[in-house]
Amino acid sequence: MTTPLPAPFKALAFFGLSSALPSLAMDIIAPPLRPTSGQIALARRIARGAEQPATEPNSDCTTAIDAAVYTDPDRFVREMDCLFRAMPIAVAVSALLPKANSAVTHDGFGVPLILTRDRQERVHAFLNVCRHRGTRLLDADEVVSAPRIICPYHAWAYAGDGRLTGLPRPETFPGLDKETRRLMELPVREAGGMIWVGLDRNRDYDFSLVEGPLAADFDALGLSGMHLYARRTHHVPGNWKLIMDAFLESYHVQRLHRNTLARFFADGEGAGDMIGPHQRSLVTRDFDADEVDIEDWEQLRRVGTYTYQMLPGTVIVASPDYVNVMTLMPQDVRNTLVEDFMLIPEAPQTEKAEQHWARSWQLLDGQVFGQEDFGAVALGQRGLDSGAVGEMVLGTLEQGIRRFHDEVEKRL
Ligand code: FES
Ligand SMILES: [Fe+2]
């Protein structure tokens, strides 16, 4: 006889990992969270069957993207200036810096950053440059405990909030006002379990969406309280927009992911909407609308995966029991670094739990993203670089890509 599993544990069975359940039953505590009205609205549209793609010939729903947008180096420079330097960028998840007095470096966006959580637990983003003679201050790919950041050259010392707290032989800098020698700080916000940075100190940034409706959705998904299980940076030999494209349509799921994810989803069953220029999508498996209470978060997440595709280059995939956050860091027109952060409800307490999450990490980061999606991106770039096609055609299941490129275009 089997005992019915409580809802959060049923979610685990969704990814074929139910064998890990017995030992996990004490480890996972479902947070008492509710979906936002926007998240519910997407699910209702799917439940009503309102999302059938248009199939009429000439229904004006197919469209094309110029191949040059993925290969033109001049356009790439404009994209960096008008998008990546102009909008708040999600550089990391909050869980990367779980403790006060910690710091980590971040170089993927071409601006040398130090991210800190200061003594008061506030997050900061500084240029990784000493205010004495400009030396790179910190080399720390992994998070370090750093009540002080001390320059390796002459040992000027800075606090986690950027203050210059001390220097050797201070009498040799007569009249030095330490207040004018703080670390150079970039605009930063911590909201919805993410750290958002404006990469240019001389610009103003609009954080209203990331602190408002996006944070509300991410808080509903519980991102702020989650534990960072693993992170990894992939080098993807493809234009950053090809990577976004791969997360903006579900047309490929039954094909590219036929051996991994396909069985968890119905073909093309999804709905999406916009939050400003950002996209929110829900893809589901077949479910009986009379049997699933859409306002019950556990039931809803069991049948559907919410994803967010945020301008310029952040993707969130909220699987039933864990969340992946990917930040795209374009290096040049045909090379992109993608950092994948996997968030889980809490740190694994048992060997069984550890193995369970290790399998999930291997499935999604290793196979689905690392081999399948990024592999397809690399092949796409090679095809486009051949110059053989002038444009790519998009079907009615790929309209998220159209909307994304329209938003990019508006800003160039
Ligand atoms: S350059 Fe940093 S202390 Fe001199
Ligand atoms: Fe995919």
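Ala 191 lies in strand β11, which spans residues 188-191; strands here are DSSP runs of E of at least two residues and helices are runs of H or I of at least four, each numbered from the N terminus. The model is predicted, so that local features require pLDDT of at least 70 and side-chain atom pairs count only at pLDDT 80 or more, whereas totals for chains, interfaces and linings use all residues. Residues are numbered from 1 along each chain as its sequence is written, and chains are lettered from A and ligands numbered from 1 in the order in which they are written.

Ala 191 is classed as buried because 22 other C-beta atoms lie within 10 Å (buried, 20 or more such atoms within 10 Å of the residue's own C-beta; exposed, 12 or fewer; partly exposed, in between; C-beta atoms placed from the backbone). Beyond its neighbours within four places in sequence, Ala 191 contacts Trp 196, Val 210, Glu 211 and Ala 215, a contact being a pair of C-beta atoms, placed from the backbone, within 7 Å. The C-alpha atoms of Ala 191 and Ala 216, 25 residues apart in sequence, are separated by 8.9 Å.

An open antiparallel sheet comprises five strands in the order β6-β3-β4-β5-β10, where pairing requires at least two DSSP bridges between two strands. Its edge strands, β6 (144-145) and β10 (185-186), each pair on one side only. Within this sheet, β3 (residues 102-106) and β4 (residues 113-117) run antiparallel and are joined by five bridges, with Val 104 opposite Leu 115 of β4.

Helix α10 (residues 351-385) has a kink of about 35 degrees centred on Phe 369, the bend being the angle between axes fitted to the seven residues ending at a residue and the seven starting there. Gly 387, which follows α10, has a positive phi near 75 degrees.

Conventions
Contact = placed C-beta atoms within 7 Å.
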